[in-house]
Amino acid sequence: MARETPAGDLRLANLTKKFGAFTAVDDLSLTIPQGSFFALLGASGCGKTTTLRMIAGLEEPTSGQVLLADRDIARLRPYKRPVNTVFQSYALFPHLDIFENVAFGLRRRGIRSVDQQVRQMLSLVQLDGYERRRPAQLSGGQQQRVALARALINHPQVLLLDEPLGALDLKLRRQMQIELKRIQTEVGITFVHVTHDQEEAMTMADTVAVMNAGRIEQLGAPAEIYEFPATAFVANFLGQSNLIAGEVAGGNGGEILVTAHGGRFSVPAARARSNQGPVHLGVRPEKLHLAGTAAQVPAGCQYLDGTVSDASYVGVSTQYLLRTGWGTEVSVFAANSGAQQRFVPGDRAVAYWDPRHSFLLGRRTGEDDRTSPVLDEPVGASS
């Protein structure tokens, strides 16, 4: 797919946006490599959509730069930027057929011969033969594909996606996640995707930036962020984590020793964000396993004992809560493979894990254990 102008990395340099006394985006700096699929992930109000709107030209920064191929576009009008946006609402023209919806941008620029480009775009989004239908005759997923085709036909250097799948049902949303990644790989354009949905970010993006209160808490590949979160916020926003309050008790070779609630644990030094003072010992619920007694715990594993307080069967797994002796409930996701012992509320049990699957985060003095309730959605579910 040919571009009208040379592409380049998208860089945000000290980007800030204030609305009165409220700072929506706080001195944000990052580089989005050319041709990548980049996700801004965060809860409502974290600043991700405001960041996208500043890239698009729909909001003017209070300060900072938006650089595309080292050219500052922060003060350009939206229509002068080599950027297009796809919104959750699709914003299709109901009185125009699909062909004319896709051709709209070309016709507006005075291009008369549009047939070949429109048909190529419809083929790209797998809507061959839908040219003369109206938007109301299409499903939500098909309308989203039309919106993508209409944006891509303008040959943008960057395509911005603002919660584009939020209006779709769960099954269709998952199908469109795969389609969006296929399309991005095929056209090679930089995609910047804003979402609050952890599954969307992890399924599609090469790089994820987790935002909180106008700042980026962690930036990296989805697997890297999930397996080794940088902060307690990231650990419990991208999936769930059991965070047990403890204190560093020293080191032992390549391990950090931790005391917590009267027990002694160890974490590989390479999995530690902090090696002194108050810490959170973190373990993902799916990394925990349940056994009836400590004698059943494999050699080399660490464990907590307690009483099962809840068991929720959710198909692929059973999600347990184990109430420990000090009162904290620990989440355990046990795969329903048929090989595991089943537990019911009231059973005594032991939750164990391989130390290599734990991690260590810094903790402010006075912070308690931080665990995710079993009824929250695990990573892989959609909100």
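1. Burial in H2. In this predicted model, helix H2 spans residues 98–108. Its buried residues are Ile 98, Phe 99, Asn 101, Val 102, Ala 103, Gly 105 and Leu 106. An α-helix has 3.6 residues a turn, so residues three or four places apart point the same way. The cover over the buried residues of H2 includes helix H3 (115–124) and helix H4 (140–152).

2. Ends of H2. Asp 97 caps the N-terminal end. One of its side-chain oxygens lies 3.2 Å from the backbone nitrogen of Phe 99. After H2 comes Gly 110, with a positive phi near 85 degrees.

3. H2 against H4. The two axes come within 7 Å and cross at roughly 30 degrees. Angles under 35 degrees count as roughly parallel, and H2 and H4 are therefore roughly parallel to each other. The crossing is right-handed. H2 contributes Ile 98, Asn 101 and Val 102 to the contact, and H4 contributes Val 146, Ala 149 and Arg 150. By class, these residues are four nonpolar, one polar and one charged.

4. H4 against H5. Helix H5 covers residues 170–187. The axes of H4 and H5 come within 11 Å and cross at roughly 20 degrees. That makes H4 roughly parallel to H5. This crossing is right-handed. On the H4 side, the contact uses Gly 140, Gly 141, Gln 144, Arg 145, Leu 148 and Leu 152. On the H5 side, Leu 172, Met 176, Glu 179, Leu 180, Ile 183 and Val 187 take part. The contact of H4 with H5 has seven nonpolar, three polar and two charged residues.

How values were computed: Residues numbered from 1 in each chain as written. Predicted model: local features only at pLDDT ≥ 70, side-chain atom pairs only at ≥ 80, totals over all residues. Heavy atoms only, no water. Buried < 20%, exposed > 50% of the residue type's maximum accessible area, 1.4 Å probe, protein only. Helix = DSSP H or I, 4+ residues; strand = E, 2+ residues; numbered from the N terminus. Contact = heavy atoms within 4.5 Å. Polar contact = N/O pair within 3.5 Å; in protein donor to acceptor, adjacent residues only side chain to side chain. Axes fitted to C-alpha atoms, helices over the stretch in contact; angles between N-to-C directions. Parallel < 35°, antiparallel > 145°, perpendicular 65-115°, else oblique. Left-handed = near helix turned anticlockwise from the far one by under 90°. Nonpolar A, V, L, I, M, F, W, Y, C, P; charged D, E, K, R; others polar.
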